[in-house]
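Subject: Structure handover

Hello,

Here is the structure for your files. My notes on it follow below.

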Amino acid sequence: MPINAEYRGPGDLPEVIPVFPLPGALLLPRGQMPLNIFEPRYLSLVDDSLRDGHRLIGMIQPDFSHSRDEAKPALFRVGCVGRITQLAEAGDGRYILELTGIARFKVIEELTVLTAYRQCKVNYFPYLDDFTARKGEEAVDREALLTVLTDFLKANNLKVDWEGVESAPNEALVNALAMMSPYGAPEKQAMLEAPDLKTRAEILIAVTEMDLAKKRTSGDTGLQ
């Protein structure tokens with residue numbers, strides 16, 4: 001989705017951003033993520049984001065395996081900042097919005113703040129390539145990706161808009177499939193932290209092949 005703001009590098013983004021910890025959530029540059037916001041602290045986050053004018057939310061996964069406090073779990077060190085590009089009021093206190101991914105970030109530190117939502121100081125410089133659309137997509141093995149997608153669809157009795165798939169550029173295809181994949185937090189985090197698009201596609205292919213092999217062994221062909 002096109003966005004009105006232009007982000008050409010880290011200097012166009014704030015060093016301190018509000019973060020939304022969400023298990024299994026994977027936002028990638030130029031990907032679209034729908035969100036249903038209903039918790040008061042995140043309603044406040046959206047309101048503040050709109051009032052401050054930046055319209056930004058940092059999506060990041062909680063790292064429960066390294067957490068002592070379930071109410072405030074530790075965070076993975078890498079997330080992706082997105083801009084609110086669609087927003088609707090549901091009429092019952094909820095916001096229905098869509099984020100468009102801009103760039104990944106590394107968490108430098110979580111700040112002590114008065115807001116109910118969490119805020120982090122972040123660094124975008126390790127992911128400079130995120131600011132260049134379709135960077136490295138020529139290195140993606142598209143044929144291997146489509147093969148494993150076909151096998152996954154067959155195994156789970158699913159259908160897809162093949163016309164849309166075949167017309168999608170490699171970056172959009174890889175990132176959309178990664179974001180929609182039904183895998184857990186470690187797999188999603190590995191795809192997020194992949195150094196380039198080629199590696200992200202390879203991780204997605206490998207994880208899917210392992211999942212299909214496991215289902216064939218167990219005789220389970222449905223989604224888990």
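L35 is buried, because its relative accessible area is 7% and buried means under 20% (exposed is over 50%, partly exposed in between; 1.4 Å probe, protein chains only). The model is predicted, so to speak of local features a pLDDT of at least 70 is needed, side-chain atom pairs count only at pLDDT 80 or more, and totals for chains, interfaces and linings use all residues. Residues are numbered from 1 along each chain as its sequence is written, and side-chain values use heavy atoms, with hydrogens and water left out.

L35 sits in strand 2 (residues 32–37). Helices (H or I, at least four residues) and strands (E, at least two) are DSSP runs, numbered from the N terminus. Leaving out residues up to four places away in sequence, L35 touches F20, L22, M59, Y95, I96, L97 and L99; contact means heavy atoms within 4.5 Å.

The largest nonpolar core has 44 residues, and L35, I37, I57, M59 and L99 touch the most other members. Such a core is a set of buried Ala, Val, Leu, Ile, Met, Phe, Trp, Tyr and Cys residues joined through side-chain atoms within 4.5 Å. Helix 6 (residues 197–218) gives this core its largest share, 6 residues. A second, separate core has 16 residues, among them L13, I17, L56 and F131.

On aromatic pairs, the count is 1. Rings of Phe, Tyr and Trp (its six-membered ring) pair if their centres lie within 6.5 Å; planes under 30 degrees apart count as stacked, over 60 as edge-to-face and the rest as tilted. The pair is F20 with Y42, stacked at 4.2 Å centre to centre and 25° between the planes. F20 belongs to strand 1 (residues 16–21) and Y42 to helix 1 (residues 40–52), 22 residues apart, so that the pair links distant parts of the chain. Both F20 and Y42 are buried.

As for the whole chain, there are 6 helices and 6 strands, in the order β-β-α-β-β-β-β-α-α-α-α-α from the N terminus. The C-alpha trace spans about 50 × 35 × 35 Å along its principal axes. Of the 224 residues, 44% are buried. Among contacts between residues at least 6 apart in sequence, 67% join residues at least 24 apart.

Regards
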